[in-house]
Amino acid sequence: MSRRAVTVAYRWQVASRTAAAVLGAFALTSAASILLAVLLTRSGIAARGPAVHGATLLGFVLWGAAVMWAFHTRSLARTWLNLLVPAALCGSLAWAIGWGG
Amino acid sequence: MSERGFKGGLRQSMTWLHTWTGLVLGVVLYFMFITGSFGYFHDEIDRWMRPELPARTALPDTHQMVERGVARLAQRMPEAQAWYVSMPERRAVQAVSIYGEPKPLPKQAAGSEPEPLDELLDPTTGAPFAGVRATGGADLLYRMHYSLHYIPYDVAIYIVGIATMFMFIAIATGIVVHKKIFKDFFTFRPAKGQRSWLDAHNLSSVMALPFFIVITYSGLVFYTYEYLPSVKWAAYGVGEQADKAMESEQYADFKVAEPEPAGRAAPLVPITPLVAQAEARWGAGEVAFLMVRNPGDAHARVRIDRRDPPGQLTRRSEMLVFDGTNGALLHATTPGRSSGDQVFADVMLALHEGLFATPLLRWLYFASGLLGAAMVATGLVLWTTKRRQKLKADERAAADLRFVERFNVGIVAGLPVAVAVYFWANRLLPEQWEARAQWEMHALFIAWALALLYGTVRPVARAWQEQWWAAAALFGLLPLLNAATTNIHLGSTLPAGDWVLASVDLTALAAGLLFGAIAWRLRRHTPRRAVEADAAEGRGALA
């Protein structure tokens with residue numbers, strides 16, 4: 001890309017996408033990991049302590065994948081939607097199921 | 001990235017992400033790889049930096065060393081939250097290391113945090129070694145790879161954490177970008193500018209790829225809940241009470257040894273019979289570590305840990321917990337009873353630290369760490385070469401390109417110079433000076449700052465070459481300086497077969513030769529007129 005193409009608008013695009021990658025991916029990672037920990041606990045596969053630990057350890061991998069996804073999606077609006085809609089779904093599902101007890 | 005997001009395919013978007021995360025966090029990652037690599041020779045470097053320590057001798061019985069450590073702590077810090085006594089490591093420094101953790105200040109109390117007590121004791125006398133110079137040693141050097149320096153610990157681990165997460169991204173995107181990993185592994189096209197740098201970057205990245213993946217991921221595991229606290233918050237809430245609730249579910253074993261103090265005084269039970277019990281279970285010499293929690297309190301606990309078996313990927317595998325007032329055995333861990341998540345995390349941490357490694361594997365760890373530094377460095381140089389080659393004949397380089405070119409010199413070649421200065425400072429600063437340990441580290445950072453400055457005032461090609469010569473001289477001459485200032489030089493350590501000490505001198509010599517070879521090569525590839533033209537234009541000609 002030539003330097004003339006680097007406009008202010010472009011810089012905002014990059015900034016917004018970076019924000020999506022950092023904050024949006026963190027939200028999605030958190031929600032998905034919480035849901036996983038809830039499912040592991042409620043299904044009796046693991047006690048709550050190990051479930052929280054295991055889901056967090058897996059979370060780092062999820063986070064990496066989410067960041068890459070954020071940078072690959074074509075439009076910026078889609079980037080945010082792709083991250084926040086699944087995050088909201090996972091989050092509400094986890095909240096609805098709950099830790100039990 | 002185009003105006004409307006990415007038009008290109010996966011490789012284009014991942015190339016963009018790889019390039020920019022690498023550039024922005026390259027400095028931190030390079031620093032982490034270089035300083036962290038020294039951790040694999042922690043014991044050797046620590047011994048080298050304390051030349052006054054006596055030669056290795058037969059060690060007294062474990063219970064004697066433990067008693068001496070506890071006695072010293074009781075004398076120096078009777079009012080403590082915890083005392084820690086570590087037995088001499090298998091390699092290098094033969095010292096009993098003690099640590100006293102002061103009682104925490106009551107909440108909202110005025111005054112600064114009380115200082116912990118941190119000493120190395122002579123195993124045969126139980127007193128601190130006399131006449132040993134103060135030094136940050138290998139500890140201070142390698143701990144910077146996660147706690148940095150001059151920056152509060154709580155801030156530093158987040159800077160390092162962000163860099164590590166993006167390292168993770170850089171690896172993943174690098175693999176996606178890189179189509180022909182196997183074929184390119186056997187490709188090196190020297191002296192072809194950008195192509196050569198790309199080949200060098202690919203080679204250093206792929207050669208130790210499994211190491212990079214594991215070292216990066218496991219680095220995150222050290223601070224699992226600091227970096228990703230949301231699951232913890234969702235399950236237990238936020239705050240100290242919530243953290244305690246989680247720990248009691250996850251680390252029940254360890255919590256047995258750490259009750260709240262009762263607030264009533266009670267004398268501590270004699271330690272020797274407890275050590276004897278542990279040795280009866282595990283065998284003589286198997287005790288690695290002893291902790292006394294709440295000494296002098298009715299809720300005193302004594303925890304004894306077994307050495308991790310050599311060559312096995314375990315951590316803190318076995319321990320005994322005793323009541324510190326009557327010596328009753330409260331808890332004994334059974335190996336192999338941890339939950340799967342804990343085993344996984346322990347294996348990751350053990351892989352990261354490499355304490356299990358035999359000498360050959362230790363060298364591979366060290367070499368892989370330095371390959372990581374080479375990977376980051378070649379990536380940084382590639383960024384500039386690529387942009388410089390795209391310039392038209394009469395086009396002047398943009399300010400950002402010139403900045404990165406100059407910055408790279410001071411970062412990539414400057415840090416080895418600075419680390420060498422750290423070792424020189426250890427030998428040259430006055431031995432009795434109280435602030436010498438701090439000034440060893442100041443010397444490192446002053447040297448690095450000067451190297452960065454130097455890169456901005458000299459023509460770029462010249463600056464590279466001269467800084468590599470400086471690194472070559474400082475490392476190559478280190479064994480001579482050592483011979484001039486101590487009696488643990490190669491002339492005495494080689495005939496005695498003391499490889500712990502000799503290996504430090506020999507490695508410095510090898511590093512000197514390596515840096516000298518780089519400087520020599522740059523000399524051949526920067527003809528005089530290119531350098532002069534470069535000086536006239538103020539641009540680099542490293543490619």
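Predicted model: local features only at pLDDT ≥ 70, side-chain atom pairs only at ≥ 80, totals over all residues.
The axes of helix 16 (residues 399-428) and helix 19 (residues 478-485) of chain B come within 10 Å and cross at roughly 10°. Since angles under 35 degrees count as roughly parallel, helix 16 of chain B is described as roughly parallel to helix 19 of chain B. On the side of helix 16, the residues that meet the partner helix are Phe423(B), Trp424(B), Arg427(B) and Leu428(B). Helix 19 of chain B contributes Leu478(B), Leu481(B), Asn482(B) and Thr485(B).

Phe423(B) belongs to a cluster linked by ring pairs, together with Phe38(B), Phe41(B), Trp48(B), Trp363(B), Phe366(B) and Tyr422(B). Arg427(B) places its charged end over the ring of Trp48(B), 3.7 Å from the ring's centre.

Over all chains, a search of the whole structure finds 33 aromatic pairs. One is formed by Phe168(B) and Tyr217(B), with ring centres 6.1 Å apart and planes at 35°, so this pair is tilted. Phe168(B) lies in helix 5 (residues 153-177) of chain B and Tyr217(B) in helix 8 (residues 209-222) of chain B, so that the pair links parts of the chain 49 residues apart. With relative accessibility under 20% taken as buried, Phe168(B) counts as buried at 15%, and Tyr217(B) counts as buried at 9%.

The pair of Trp464(B) and Trp468(B) has ring centres 6.4 Å apart and planes at 20°, so it is stacked. These two residues are four apart in helix 18 (residues 460-476) of chain B, and therefore about one helical turn separates them. Trp464(B) and Trp468(B) are both buried.

Finally, Tyr146(B) is found in helix 4 (residues 137-147) of chain B. Because its relative accessibility is 23%, Tyr146(B) counts as partly exposed. Setting aside neighbours within four places in sequence, Tyr146(B) is in contact with Tyr153(B), Ala156(B), Ile157(B), Val160(B) and Tyr223(B). Tyr146(B) and Asp346(B) are 200 residues apart in sequence, and their C-alpha atoms are 18 Å apart in space.

Terms used: Residues numbered from 1 in each chain as written. Chains lettered and ligands numbered in written order. Heavy atoms only, no water. Axes fitted to C-alpha atoms, helices over the stretch in contact; angles between N-to-C directions. Parallel < 35°, antiparallel > 145°, perpendicular 65-115°, else oblique. Contact = heavy atoms within 4.5 Å. Phe/Tyr/Trp six-rings, centres within 6.5 Å; stacked < 30°, edge-to-face > 60°. Buried < 20%, exposed > 50% of the residue type's maximum accessible area, 1.4 Å probe, protein only. Lys NZ or Arg CZ within 6 Å of the ring centre and 35° of its normal.
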